[in-house]
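Work through these exercises with the sequence and the model side by side. Try each task before you read its solution.

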Amino acid sequence: MLSQIRYGGAVAACGLTESPSMPDATVMPHILRGVALLGVDSVMAPAPLRRSAWDRLARDLPASTLDSLSRVEPLSDVPRLAEEILAGKVRGRVVVDVTA
């Protein structure tokens with residue numbers, strides 16, 4: 001994906017779920033094309049900024065889109081889910097239902 005960002009574009013990144021490294025990658029193509037890397041601070045962001053972000057998501061993001069990005073799985077499936085997560089096979093969010 002990074003190699004396809006157009007001149008003057010931007011990439012937003014949130015979290016380091018696997019690793020902070022990018023093997024076989026260099027920042028030079030991004031610098032030469034004026035591509036900005038925008039970090040998203042989801043931990044230390046002040047409460048008013050978080051509230052503003054949640055309000056905008058509630059206003060602008062269709063519920064159907066959010067539904068397509070998440071799924072609910074029972075607690076009993078956590079061992080299988082852990083294997084899928086470690087294998088890089090999980091996309092979006094998994095909500096674990098502890099009552100199921």
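Residues are numbered from 1 along each chain as its sequence is written, and side-chain values use heavy atoms, with hydrogens and water left out.

**Exercise 1. Confidence**

Find the mean pLDDT of the protein chain, and which elements have the lowest and highest mean.

Solution. Start with the term: pLDDT is the predictor's confidence in each residue, from 0 to 100. The chain's mean is 85. Of its residues, 90% reach 70 or more. Next, go by element; helices (H or I, at least four residues) and strands (E, at least two) are DSSP runs, numbered from the N terminus. Helix α1 (residues 28-32) has the lowest mean, 79. Helix α4 (residues 78-86) has the highest, 94. Where pLDDT is low, the predicted coordinates should not be read in detail.

**Exercise 2. Helix α2**

Check the span of α2 against its 14 residues, then count its buried residues.

Solution. The expected span is 1.5 Å times one less than the number of residues. For the 14 residues of α2 that gives 20 Å. The end C-alpha atoms are 20 Å apart, so the two values agree. Now the burial count: buried means under 20% relative accessible area, exposed over 50%, partly exposed in between (1.4 Å probe, protein chains only). The count of buried residues in α2 is zero.

**Exercise 3. The second largest pocket**

Describe the lining of the second largest pocket.

Solution. A pocket is an open set of points on a 1 Å grid over the protein atoms alone, where a 1.4 Å probe fits, with protein on both sides within 12 Å along at least five of seven lines; lining residues have an atom within 4 Å of a point. Here 16 residues form the lining. Ser42, Ala53, Trp54, Leu57 and Arg93 lie nearest the centre. Helix α2 (residues 47-60) gives the most, with six residues. By class, eleven lining residues are nonpolar, two polar and three charged.

**Exercise 4. Glutamate 73**

Is glutamate 73 buried or exposed, and which side chains does it contact?

Solution. Locate glutamate 73 in strand β3 (residues 70-74). Its relative accessibility is 15%, so it counts as buried. Then look for polar contacts (pairs of N or O atoms within 3.5 Å; within protein, one must be able to donate a hydrogen and the other to accept it, and residues adjacent in sequence count only if both atoms are side-chain atoms). One, of 2.9 Å, joins the side chains of glutamate 73 and arginine 71. Another, of 3.4 Å, joins those of glutamate 73 and arginine 80.

**Exercise 5. Serine 68 and leucine 81**

Which of these counts as buried, and which as exposed?

Solution. Serine 68 lies in helix α3 (residues 63-68). At 59% relative accessibility, serine 68 counts as exposed. A polar atom of its side chain lies 2.7 Å from the backbone oxygen of threonine 65. Leucine 81 belongs to helix α4. At 4%, leucine 81 counts as buried.

Notes. This is a predicted model: local features need pLDDT of at least 70, side-chain atom pairs count only at pLDDT 80 or more; totals for chains, interfaces and linings use all residues. Ala, Val, Leu, Ile, Met, Phe, Trp, Tyr, Cys and Pro count as nonpolar, Asp, Glu, Lys and Arg as charged, and the others, Gly among them, as polar.
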